[in-house]
Amino acid sequence: MSLTPTEPILILSDLHLGHRASRIKHPDQLARILRGPGSVIFNGDTAEMRTPEDRQVGRKLAADLARVCHQAGRKAFFVNGNHDPTVSAINHLDLAEGAILVTHGDILFLGVAPWSRDAGRYLKKHRQILDGLGPDGYIDFEKRLLASKRTSIELQMLEEPLTRGRSRGFGLLIRNCWPPWRPLMIIKAWHEVPERGAYLARIFRPLAKFVIVGHTHCPGAWKVPPRVIINTGSFVPYFGARAAIIESGRIELRRIDFQQSHFVMGKLLRNFAVEPLSRQTATTPEKGG
């Protein structure tokens, strides 16, 4: 499969298909959003695939999603996340001639998911894997991405199956608030994403002006000059999902609404001009390191 998405490019993240808390009960509910030409990038955590029990459900739902995309006329690209670390061979995409970096976002944290109840073990395992990659393990972008995914694969059995039972609404809120330190770690991660995303680009993609992630489920767009960091949120309750649409030298960030059992494209929230690298007349090296 070609790794070159064609415009218009729709980017969604964190569908968590099969998760007991996902708002999507079947991929058909996304048909109205997906309808049209071009490509769609599912930027990680598209389906639950970490435990053997989850994978049976997640793989079927991912296949159903690919079918819905095909019927809607969209070419689907799946980026690996920490909940679906082997859904494809793609860990990131460079778009607009390198002006836009798209990756799930688990690479932003050495502990992969520092709000996890097993965050300490994730941090220890991630460091072991990075150390095993040799002296360039921390500075090679592809190796860093692979190390994040390997951490999730090797520790996948720490988490209980997420496709079993029900945990939505107030029950989900209670779960996320225990143990007591967990909400603080979640808020801390939300606060750190813009700077961490900007630092990631500065080190590994210094010419990129936009970084599009998911992972923390907190949607938004933040300017960290000279870059814009965009998080497209998630399809689990509370904070909502966003759609990033790349077309004709612009990125639109739109709210996703839920109407009559289907997800639909909602209000335009932000609009950014994108200048492909080939059109930039001059590049000023960044200061710092």
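Predicted model: local features only at pLDDT ≥ 70, side-chain atom pairs only at ≥ 80, totals over all residues.
Good morning. Of the 289 residues in this chain, 55% count as buried. The chain contains six helices and eleven strands. As for the contacts in the chain with a separation of 6 or more, 67% of them are accounted for by residues 24 or more positions apart.

Which residues have the most contacts inside the largest nonpolar core? They are L15, L30, L34, F42 and L65, in a core of 26 residues. Two or more residues of this core come from each of the following elements: the strands β1 (9-12), β2 (39-43), β3 (75-79) and β9 (242-247), together with the helices α1 (31-34) and α2 (52-72). The element that gives the most is α2, with six residues. For a view of the packing, please consider L65. Leaving aside residues up to four places away in sequence, L65 touches L15, L17, P27, L30, L34, F42, T46 and F78. There is also a second, separate core, which has 22 residues and includes I9, I11, L93 and I246.

Next, the aromatic side chains. The structure holds seven aromatic pairs. One of them is formed by F141 and F204, which are stacked, at 5.0 Å centre to centre and with 25 degrees between the planes. The pair counts as stacked because planes under 30 degrees apart fall in that class. F141 belongs to helix α4 (residues 141-154) and F204 to helix α6 (residues 182-204), so this pair ties together parts that are 63 residues apart in sequence. Both F141 and F204 are buried. Elsewhere, F235, F258 and F263 form one aromatic cluster.

On the cysteines, I can be brief. How many disulfides does the structure hold? The number is zero. C69 is buried, at 0% relative accessibility. C218 is buried as well, with a relative accessible area of 17%; it counts as such because the limit for buried is under 20%.

I come finally to the charged side chains. Side chains of opposite charge can pair when their charged atoms come close. In this model there are eleven salt bridges. In one of them, R67 meets D28 at 3.6 Å, N to O. Why does this pair tie together parts that are 39 residues apart in sequence? It does so because R67 lies in helix α2, whereas D28 lies in the loop between β1 and α1. R67 is partly exposed at 31% relative accessibility, and D28 is partly exposed at 35%.

R150 is partly exposed, with 37% relative accessibility, and E154 is partly exposed, with 42%.

The side chains of R254 and E252 also form a salt bridge, at 3.1 Å, N to O. Here R254 has a relative accessible area of 23% and counts as partly exposed; E252, at 24%, is likewise partly exposed. Lastly, salt bridges that share partners join K125, R150 and E154 into one network.

That concludes my presentation. Thank you.

Definitions and conventions
Residues numbered from 1 in each chain as written. Heavy atoms only, no water. Phe/Tyr/Trp six-rings, centres within 6.5 Å; stacked < 30°, edge-to-face > 60°. Helix = DSSP H or I, 4+ residues; strand = E, 2+ residues; numbered from the N terminus. Buried < 20%, exposed > 50% of the residue type's maximum accessible area, 1.4 Å probe, protein only. Core = buried A, V, L, I, M, F, W, Y, C linked by side-chain atoms within 4.5 Å. Contact = heavy atoms within 4.5 Å. Disulfide = S-S within 2.5 Å. Salt bridge = Lys/Arg side-chain N within 4 Å of Asp/Glu carboxyl O.
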